[in-house]
Amino acid sequence: MNILYDERLDGELPDIDKSDVLADLQQAAPGLTLLHREEDLRPFECDGLSAYRVLPMLVALPETLEQVETLMKRCRALGVPVVTRGAGTGLSGGALPLEKGVLLVMSRFNRILDVDPDARIARLQPGVRNLAISEAAAPYGLYYAPDPSSQIACSIGGNVAENAGGVHCLKYGLTVHNVMKVEVITIEGERMTLGSEALDAPGLDLLALFTGSEGMLGVVTEITVKLLPKPETAKVLMASFDDVEKAGRAVGDIIAAGIVPGGLEMMDKLAIRAAEDFVKAGYPVEAEAILLCELDGVEADVDDDCATVRAVLEQAGATGIQQARDDAERATFWAGRKNAFPAVGRMSPDYYCMDGTIPRRELPRVLKGIADFSEAYGLQVANVFHAGDGNMHPLILFDANRPGELEQAEELGGKILELCVEVGGSITGEHGVGREKINQMCAQFKPGELDTFHAVKAAFDPQRLLNPGKNIPTLARCAEFGAMHVHNNELPHPELPRF
Amino acid sequence: MAQTPHQATDQDISDALGERVRRATAEGRPLRIVGGDTKAFYGRPVEGEALSTREHRGITYYDPVELIVSVRSGTPLAELEATLADNGQMLGCEPPHLGADASVGGMVATGLSGPRRPWAGSVRDFVLGTRVITHEGHEQRFGGEVMKNVAGYDLSRLMVGAQGTLGMITEVSLKVLPKPGASQSLRLEMPLPDAQAKLAEWGRQPLPITAAAWHAGALHLRLEGGPSSVAATRERLGGDSLDDDFWTALREQTLAFFSREDARPLWRLSLPHNTPSVALAGVEEADVLHDWAGTQRWLRSDLDADTIREACARAGGHATCLGTRQGPGQADPFMPLEPVVAKYHRNLKAQLDPKGIFNPGRLYAEL
């Protein structure tokens, strides 16, 4: 299945001569860095979804807001699409370039503008790395909560575009819960402020709407985030199980005991072995599943909670329970989990990471389903799971050099996502739709709902110039891919051309 | 797995509501969406045919272990909270009812949160999914019954605080929280500047504070969490014990400060953390109640709207006029939007409600 932009399904893009666009932009924004030679464009041909590559028409690397404004105004006038990119670590192809579009790279906006410890906020340019925020806040005993596993490299602008998560979402929320204000430049080149340094702002909650909108409604040029006091202490328990279902039930038991852990992660046997081989985290390689449960807060409460969780885990049939003795061992326990993706990467020439979410109670059924698909396709699947919040990351192992195996892996991945939707979940918990899951959107949403999304898009970008083809599929695409909901045996929108 | 609780009053009338909306759009007749009718004062008056959610009620899904509940919009808020309490859980945003009949839909549509908001999050932060009747009369579903979901635009959270101007909310899925193991409230006599300094200092520490309000010479605090930390913090901070009812009275605006006898309009000032007192001529200390550790301030004042709003805007916040409860204090209770932001509000309204049938004018005259 090829997910590259297909004008037949995704909408026509204007044919405009590259040299004309280059000349226009050079004249309108004399100081703007524009890359146009193939060798200069090459590094920008993909984001974290590296199986798909497209050379953009041009790459723009602005350094001032005026340059961004001018770029937007000129692209709008010329009818040239604009794909915005941050650090390019996204896993769903949200920053996949367009051959007929300009790639707007925000990486030069990389300054931390202000950290205010008393108001507990930080004001950031979009190219600031996620981890750098917590590092800047650390001297004040504060930190920024969302911690995607790419946090060393990913930028806050991209985090806002994808509504990035991490391993602490159940307790501390996603990006949308931790961003207070963004500055935006629209496709018309206007500046606007959404949200506020206060806890709310007048009017509609456009800040929530923009968070996770994948660069399709505007370009975020500045972000104000909330900082939290660092928990006094954090302790980690690791429990092993001889059965995946028992581990899944233990997760529910912990929540039922009234505890909301800071992090609650599960890994299956294949993931455990891969991680252990890679980082020597001390994981029990004979276990079918492990749970990592981090409890954070005030010391006295954390000690009480550790005792409660230990009792719950024993009751749930854990075959072994270890508590990290100190911060160093806690970091080691986490290192295995945080490196699970590259660890699996060492076992197989390629792997494909999925991002479905499910109600936790459906875990046994979904794991069984994944195992069945894995067998049917003859491809191994390692399961890494944000168990506390129901976000699964099955990693499908394959070898792209074997003809047809990428397609098989993608098809298997699609089946897993459709299973997630079937049990009441979602095709993406934190990685975003991008191009990667554009067809599965047709399974998750009905045509009318997709129409509503397109209406929202039209309110901000009626010409469809901002990151066209991402996030929301056209009805024509859904019709073609057959996963479309059919009501009363009638195809919706009979007026649409069927190709 | 726990069974979703059912009441004899549960029923799904979404088809009938959809039909009413479809006809309203077809005939271009505006609708005034009503739930428990407890928060009509919060916004501009709406001219339109009343469309009530009250018969559309019941919890459609609740499994305490998942920390998620789905509930129809007409369900009384009190009924939902009672069900959660039976399972040792609660709504983290601590929503004000402002009347016995408050509905879940009204909570979501107004987006009003209670004293716990700065620490736990707002109504919007707890919304995971919604079902909404669109202008064409179709019920559509956004988000869902999972904690994390970034598929498509976040229309669920967009509906929170939109006051029914973009569509009619028929169902909402919410994240719920376990009730804290221990709770103690206390009262510390101290002048306002000291309280502000203390709150800034404590804000950088991992203390189990879940409510903080200063009024009439005293800082009122609520400590919640594990029994050990609550007891230790109570010991450390000292002060006098305070009845927990204080927070209910604050949330429900039944403290003397909110008295209807006071003829002056009530204003809500929303300000950044650590904002000093807003300088307003003639406003005395007793005219301001500082909630949310100072980020939500209630003001009784006859000053003109522009003066109050300009002072708040200078501090990075905004001001809303809630009137006198006898009637609106301002033709436009909400702070005017910046022109570019206002333009995109209009565009969005035109896209999602082209005939202008959903609560027209409720937020702003042009929406």
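This is a predicted model: local features need pLDDT of at least 70, side-chain atom pairs count only at pLDDT 80 or more; totals for chains, interfaces and linings use all residues.
## Helix pair in chain A

Helix α9 of chain A spans residues 244-256, and helix α11 of chain A spans residues 299-315. The two pack at an angle of about 145°. Their axes are 9 Å apart. The crossing of α9(A) past α11(A) is right-handed.

From α9(A), the contact uses A:Ala250, A:Asp253 and A:Ile254. They meet A:Val309, A:Val312, A:Leu313 and A:Gln315 of α11(A). By class, this contact holds 5 nonpolar, 1 polar and 1 charged residues.

## Contact between chains A and B

Chain A gives 81 residues to the contact, and chain B gives 72 residues. On the chain A side, the elements with two or more residues are α7 (169-172), β9 (191-195), α8 (206-210), α9, α11, α16 (441-444) and α17 (447-460). Helix α17(A) supplies the largest share, 9 residues.

The side of chain A that touches chain B divides into 37 nonpolar, 27 polar and 17 charged residues. Both helices of the pair described above, α9 and α11 of chain A, are among the contributing elements.

## Domains of chain B

The domain assignment of chain B gives domain 1 (14-178), domain 2 (182-251) and domain 3 (256-323). The C-alpha centres of domain 1 and domain 2 of chain B lie 31 Å apart.

Where these two domains of chain B touch, 7 residues of domain 1 are in contact with 7 residues of domain 2. The domain 1 side has 4 nonpolar, 1 polar and 2 charged residues.

Key
Residues are numbered from 1 along each chain as its sequence is written. Chains are lettered from A and ligands numbered from 1 in the order in which they are written. Axes are lines fitted to C-alpha atoms, for helices over the stretch in contact, and angles run from 0 to 180 degrees between N-to-C directions. Helices (H or I, at least four residues) and strands (E, at least two) are DSSP runs, numbered from the N terminus. A crossing is left-handed if the near helix is turned anticlockwise from the far one by less than a right angle, and right-handed if clockwise. Ala, Val, Leu, Ile, Met, Phe, Trp, Tyr, Cys and Pro count as nonpolar, Asp, Glu, Lys and Arg as charged, and the others, Gly among them, as polar. Domain bounds come from an automatic or database domain assignment.
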